[in-house]
Amino acid sequence: MVRPALVDRECLERRELAMLAPYAVCSLHSRGRVQPEAVDEWRTCFQRDRDRIVHSRAFRRLAHKTQVQPLPGSDHVRTRLTHSLEVAQIGRSVARRLNVNEDLVEAICLAHDLGHPPFGHEGEQTLNELLSDAGGFDHNLFTFELLDVRERRRPARPGLNLTYEVREGVLKHGSAPSVRQVERVEEEGLRPWEAASLEAQISNLADEIAYNSSDLDDLMRFGEGNGQRLAGAVRELDVYRRIRAHAASRELEEADLDSSTSRKVLITAMVGQAIGDCVEATVRNLQSCNIRSLADVRRCGDRPLVRLDAELESMYGELRRFLTVNFYQTRKVRVRAMAGVDAIRRVFAALVSEPAQLPPAWRDELDCRDRRAVVGAYIATMTDRFLLDMDARLR
């Protein structure tokens, strides 16, 4: 009987070196971890990072955090967790076509929203206002804090001890990093003068592709007002016209956008076209910039190599304006979001006034950190449901 050949870490690392593009990040060439540790027999360093993220408490909490449509809602509404999974799927698809490291892309994608507070962007804006005298609030920075300090794998060691490349991807996430993000990159020794890896850039664009498509889907599913009027307005969007013009999407010609199946066809085509456009535009950029190695990527400056072409970027701009008017700023979304925002303000005021109500581990931080910053960080870890329950208890 022939014994099956098992695939261990060394085999996976050799495969990467032999098969990935010369400008990809190979596991064997990772810049390592802050705290040295023994390698795993079966998994590469980026696979271990992905697994640590998936098994973290912060990742599980994303299931009960608002994406756009406030929770609790339909069983089919997107949450921060389902959004992160969609980002990871899109990121892996792009990485596979460009022949770069899928595991690194997946780890960054799954981690990118861990620091979001309850009640979506309204919750983040509210925390930023409440903490204006204590440095403000930035969910990317808080994601980094969760991964580097607050999540624990060992009793005596803070953080998940992730690789340089995943930590860099989290801190350099976003097309226009804030001043505080840049400062934190410098503090952590993550080389602010270097462009992010292609894998980190893919993660960033996968996020944009995911929320543009999924928010349009959620709008058509949960949006308020006349369904036929909304469907007609969607058909006038340039991004919809582009999809219809594509030969593979002819079944949308007479599609009823009130139908869940027809919407699925639309969103699938929209994501597929965006992935294809991203890959083609990125290949052109790699060629025009003569990118032949990871070092070339690192020297490439502020403008990312992984991006959409100008036409689709313009269409996405139109789509975001449409979503703002017809979804993000509608009464149906705003009323429930504002109820969450009011709860954040009340809980924040109550805990700042009486910090003895904080859990013991958080009270221990009061001796070395600003009280408001500690309370703000505690609230940022909460799910929507936990925050509302605490608000009810503290009243």
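Author: A residue is called buried when its relative accessible area is under 20%, exposed when it is over 50%, and partly exposed in between, as found with a 1.4 Å probe on protein chains only. Please keep in mind that this is a predicted model, in which local features need pLDDT of at least 70 and side-chain atom pairs count only at pLDDT 80 or more, while totals for chains, interfaces and linings use all residues. Residues are numbered from 1 along each chain as its sequence is written, and side-chain values use heavy atoms, with hydrogens and water left out.

Reader: Is Arg371 buried, partly exposed or exposed, and what is its relative accessible area?

Author: Arg371 is partly exposed, because its relative accessible area is 40%. Its place is in helix H18, which covers residues 371–381; helices are DSSP runs of H or I with at least four residues, strands are runs of E with at least two, and both are numbered from the N terminus.

Reader: Which residues is Arg371 in contact with, once its neighbours within four places in sequence are left aside?

Author: Contact means heavy atoms within 4.5 Å, and with those neighbours left aside Arg371 is in contact with Val352, Ser353, Pro355 and Leu366. Thr143, by comparison, is 228 residues from Arg371 in sequence and 20 Å from it in space, C-alpha to C-alpha.

Reader: How many residues of helix H5 are buried?

Author: Helix H5, residues 102–111, is mostly covered, with 10 of its 10 residues buried; among them are Glu102, Asp103 and Glu106, as well as Leu104, Val105 and Ile108.

Reader: Where is Thr44 found, and which residues does Thr44 touch?

Author: Thr44 is found in the loop between helix H1 (9–19) and helix H2 (45–54), and it counts as buried because its relative accessibility is 1%. Beyond residues up to four places away in sequence, Thr44 touches Arg9, Leu12, Glu13, Glu16, Ser27 and Asp103, and Asp103 is one of the buried residues of H5.

Reader: How many residues does the largest nonpolar core have?

Author: A nonpolar core is a set of buried Ala, Val, Leu, Ile, Met, Phe, Trp, Tyr and Cys residues joined through side-chain atoms within 4.5 Å. The largest one here has 105 residues, and those with the most contacts inside it are Ile53, Leu114, Leu216, Tyr316 and Ile379. Leu114 touches Ile53, Ala58, Phe59, Leu62, Lys65, Thr143, Leu146 and Leu147, where residues up to four places away in sequence are not counted.

Reader: How many aromatic pairs does a search of the whole structure find?

Author: Rings of Phe, Tyr and Trp (its six-membered ring) pair if their centres lie within 6.5 Å, and planes under 30 degrees apart count as stacked, over 60 as edge-to-face and the rest as tilted. The search finds three such pairs. Phe137 and Phe142 form a tilted one, with 5.7 Å from centre to centre and 50 degrees between the planes. Trp362 and Tyr378 form a tilted pair as well, at 5.2 Å and 50 degrees. Trp362 lies in helix H17 (residues 360–363) and Tyr378 in H18, so this pair ties together parts that are 16 residues apart in sequence. Both Trp362 and Tyr378 are buried.

Reader: What is the phi of Asn99, and what is that of Asn290?

Author: Asn99 has a positive phi of about 60 degrees although it is not a glycine, and its place is in the loop between helix H4 (80–98) and H5. Phi of Asn290 is near 55 degrees, again positive in a residue other than glycine, and Asn290 lies in the loop between H13 and helix H14 (294–298). Asn99 is partly exposed at 31%, and Asn290 is partly exposed at 45%.
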